[in-house]
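Have the sequence and the 3D view open as you read.

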Amino acid sequence: MNSISMMIFLGDILHNLGDGLAIGAAFSSTWVIGVGTSLAVFCHELPHEFGKCGLELSVCFKMCVKIFGRSGMIHCLQPMRMNR
Ligand SMILES: [Zn+2]
């Protein structure tokens, strides 16, 4: 695991802990506030997860280029083509 992946992983742990505490605190108040807080967390998680996925794919492709070389990228892309 490289430093970028480790930074994303540790940051995600703290982020999800904070989200969980916020949702728990909101539901302990009233269920309406809990549902509202859950929706807010869901809405900010979507772009967060898309960005994280793009960054992880970028790291994965760079590792594939290191392992197989530029011409060997077909080895990394082959499983994705088979899923279509
Ligand atoms: Zn969050």
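**A walk along the helices**

Helix α1 is hardly covered: among its 27 residues, the count of buried ones is 0 (buried means 20 or more other C-beta atoms within 10 Å of a residue's own, with C-beta atoms placed from the backbone). This is a predicted model, in which local features need pLDDT of at least 70, side-chain atom pairs count only at pLDDT 80 or more, and totals for chains, interfaces and linings use all residues. Residues are numbered from 1 along each chain as its sequence is written.

From its first C-alpha to its last, α1 reaches 39 Å, close to the 39 Å expected at 1.5 Å a residue (the expected span is 1.5 Å times one less than the number of residues).

Stepping back, the protein chain has 3 helices and 0 strands (DSSP runs of H or I, at least four residues, and of E, at least two, numbered from the N terminus). Of its 84 residues, 0% count as buried.

Now look at how α1 (residues 3–29) meets α2 (residues 31–68): their axes come within 9 Å and cross at roughly 170° (axes are lines fitted to C-alpha atoms over the stretch in contact, with angles from 0 to 180 degrees between N-to-C directions). The two helices are therefore roughly antiparallel, a term for angles over 145 degrees.

Finally, confidence: the mean pLDDT (the predictor's confidence in each residue, from 0 to 100) is lowest in α3 (residues 73–82), at 60, and highest in α1, at 92.

Key:
Buried ≥ 20, exposed ≤ 12 C-beta atoms within 10 Å, placed from the backbone. Parallel < 35°, antiparallel > 145°, perpendicular 65-115°, else oblique.
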